[in-house]
Amino acid sequence: MPRDFTQGAYAALLDAALDEGYEFLTVRDYLRRTDLPDRFLIVRHDVDRKPGNALSLARIETLRGVETTYYVRTVDSAWDPAIVRRLAELGHEVGYHYEDLDRADGDPRGARESFASNLARVRRLVDVDTVCMHGNPLTSHDNRDLWNTADLDAFGLLGEAYLSMDFTDVTYFSDTGRTWEDGVLKVKDHTMGEGEKRVSATSTWDLIGLLRGGEVDRACLLVHPERWTGSYPEYLSQRTKDLAVNVAKHGIQAVR
Ligand SMILES: [Zn+2]
């Protein structure tokens, strides 16, 4: 079996989906369209780190005519204006990956102000219609709680990637924890009010099997670009990091 969570594995996933007739929708397309295709995939990229990897995945997609959605953080470690612009130029949707409740340490008013100014910062580079929360397993806040005291409409937004999608109709798969399976590794990365999931995949090859077998018609895939490596040394270092984070997350769950 080839190595998983590499850019080659990602390309194989896209090729299988295209081959099986899945249409690719951005989050914006999904929310705007009144008639959804029978079979579609929404690929959501949360660019938590290494924006250069996002650009590599974007090129792999653009070569295949696939459009996806990139959510970018505005913290210094992840913010790269040239790459943000380039992602949009390649035809992808770019949205804001917000963490303003964390930044304001839970203060709703501070979080709203922080959100407004960071959203404006992204909008100076690209059009933003949708946003998506960043889940930090080490903080006690859930950034989505911002919307308890604020309104997406008031910011001219169509939707939020966790809150505005119907997960009874669209099956959610996330690569958090270096597996497509649900479980304790997805500390904050879970949908709300989702339906019973009938299918599951551990490896990308399992996920390809589900698409090939026609077992899922509509799905949203969360793909973190930093995880999908291009070179063997990068693969080894990311795998080591993922496994260490998983051990820490098991610890967090144990004390809750
Ligand atoms: Zn994130």
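## Basis of the model

Residues are numbered from 1 along each chain as its sequence is written. Because the model is predicted, local features need pLDDT of at least 70, side-chain atom pairs count only at pLDDT 80 or more, and totals for chains, interfaces and linings use all residues.

## Helices α3 and α4

Helices (DSSP runs of H or I, at least four residues) and strands (E, at least two) are numbered from the N terminus. The axes of α3 (residues 51–63) and α4 (residues 81–89) come within 10 Å and cross at roughly 15°; axes are lines fitted to C-alpha atoms, over the stretch in contact, and angles run from 0 to 180 degrees between N-to-C directions. Helix α3 is therefore roughly parallel to α4 (an angle under 35 degrees).

## Helix α7

In α7 (residues 204–212), the buried residues (20 or more other C-beta atoms within 10 Å, with C-beta atoms placed from the backbone) are Thr204, Leu207, Ile208 and Leu211. Viewed down the axis of α7, these residues fall within an arc of 100°, so they line one face of the helix; the arc is that of the directions from the helix axis to the C-beta atoms. An α-helix has 3.6 residues a turn, so residues three or four places apart point the same way.

## Two loop residues

Most residues other than glycine have a negative phi. Lys50, in the loop between β2 (40–47) and α3, has a positive phi of about 45°. Lys50 is buried, with 20 other C-beta atoms within 10 Å.

Asp105, in the loop between α5 (100–103) and α6 (108–123), has a positive phi of about 50°. Asp105 has 11 C-beta neighbours inside 10 Å and counts as exposed (12 or fewer).

Notes
Angles under 35 degrees count as roughly parallel, over 145 as roughly antiparallel, 65 to 115 as roughly perpendicular and the rest as oblique.
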